[in-house]
Structures are given as structure tokens and as C-alpha cells.
Amino acid sequence: MKTKADRIKYVRKLKELSQEKFAEALRTSRGAVGNWELGKGIKHENLAQISEKFGVSLDWLSRGDGRPPRPPAGERV
């Protein structure tokens with residue numbers, strides 16, 4: 001996953017959430033999530049919130065450093 005947008009979408013799909021449900025969990029709008037997944041308007045505080053809420057590395061989410069979170073055995077994202 002080359003971009004922050006790709007990694008955000010990966011996390012959302014890993015958690016099996018729609019954009020709407022992902023947005024609700026982060027107390028933001030579905031439109032904001034859609035924009036993030038298009039690479040628009042991704043602020044560091046948004047990434048930090050996703051990292052904390054969904055238990056993923058902020059280094060991975062923001063820069064792609066390290067390994068991505070893995071889906072449960074036998075599942076694909």
C-alpha cells in the first residue's frame with residue numbers, strides 16, 4: 001500500500017466497516033472518510049485517531065513503515 005489513503009481504506013476493510021460505520025466510530029462524517037480514501041484532507045490528528053481507535057501503528061498508517069495489520073487467518077481484505 002503506497003499511500004495513506006490506501007492504508008486508511010485497508011484498515012476500514014480489515015475491520016469490516018462501511019465508510020459510514022467507520023466515520024461513526026471516529027465521530028466524523030462519511031464524506032470525510034471518503035475524502036481520506038481519495039487522498040484528500042488527511043491530517044495527522046485524523047491518522048492518530050484511526051491508529052488509536054483501531055489499534056494500528058501510526059508509523060505504518062502515516063508513512064508505511066513496518067508491517068500492515070493482518071486479517072484473521074483465512075480472511076482476505
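Helices (H or I, at least four residues) and strands (E, at least two) are DSSP runs, numbered from the N terminus. Helix α3 (residues 30–37) holds Arg 30.

## Basis of the model

This is a predicted model, in which local features need pLDDT of at least 70 and side-chain atom pairs count only at pLDDT 80 or more, while totals for chains, interfaces and linings use all residues. Residues are numbered from 1 along each chain as its sequence is written, and side-chain values use heavy atoms, with hydrogens and water left out.

Arg 30 is partly exposed, at 44% relative accessible area. Leaving aside residues up to four places away in sequence, Arg 30 touches Gln 19, Glu 20 and Ala 23. Contact here means heavy atoms within 4.5 Å. Lys 9 is 21 residues from Arg 30 in sequence, and their C-alpha atoms are 13 Å apart.

Further along, α3 has buried residues: Ala 32, Val 33, Gly 34, Trp 36 and Glu 37. Their cover includes α1, α2 and α4.

## Helices α1 and α3

The axes of α1 and α3 come within 7 Å and cross at roughly 130°. Axes are lines fitted to C-alpha atoms, for helices over the stretch in contact, and angles run from 0 to 180 degrees between N-to-C directions. The two helices are therefore oblique to each other. Angles under 35 degrees count as roughly parallel, over 145 as roughly antiparallel, 65 to 115 as roughly perpendicular and the rest as oblique.

From α1, the contact uses Ala 5, Ile 8, Lys 9 and Arg 12; from α3, it uses Val 33, Trp 36 and Glu 37. Four of the contact residues are nonpolar, none polar and three charged. Ala, Val, Leu, Ile, Met, Phe, Trp, Tyr, Cys and Pro count as nonpolar, Asp, Glu, Lys and Arg as charged, and the others, Gly among them, as polar.

## Aromatic pairs

The structure has two aromatic pairs. Rings of Phe, Tyr and Trp (its six-membered ring) pair if their centres lie within 6.5 Å; planes under 30 degrees apart count as stacked, over 60 as edge-to-face and the rest as tilted. Tyr 10 and Trp 60 are edge-to-face, because their ring centres are 5.9 Å apart and their planes stand at 65°. Tyr 10 is in helix α1 (residues 4–14) and Trp 60 in helix α5 (residues 58–63), so this pair ties together parts 50 residues apart in sequence. Tyr 10 is buried at 14% relative accessibility. Trp 60 is buried at 3%.

Phe 22 and Phe 54 are stacked, because their ring centres lie 4.9 Å apart with planes at 10°. Phe 22 belongs to helix α2 (residues 19–26) and Phe 54 to helix α4 (residues 44–54), so the pair ties together parts 32 residues apart in sequence. Both are buried.

## Positive phi

Most residues other than glycine have a negative phi. Glu 16, in the loop between α1 and α2, has a positive phi near 55°. Glu 16 is exposed at 62% relative accessible area. Arg 27, in the loop between α2 and α3, has a positive phi of about 55°. Arg 27 is exposed at 80%.

Definitions and conventions
Buried < 20%, exposed > 50% of the residue type's maximum accessible area, 1.4 Å probe, protein only.
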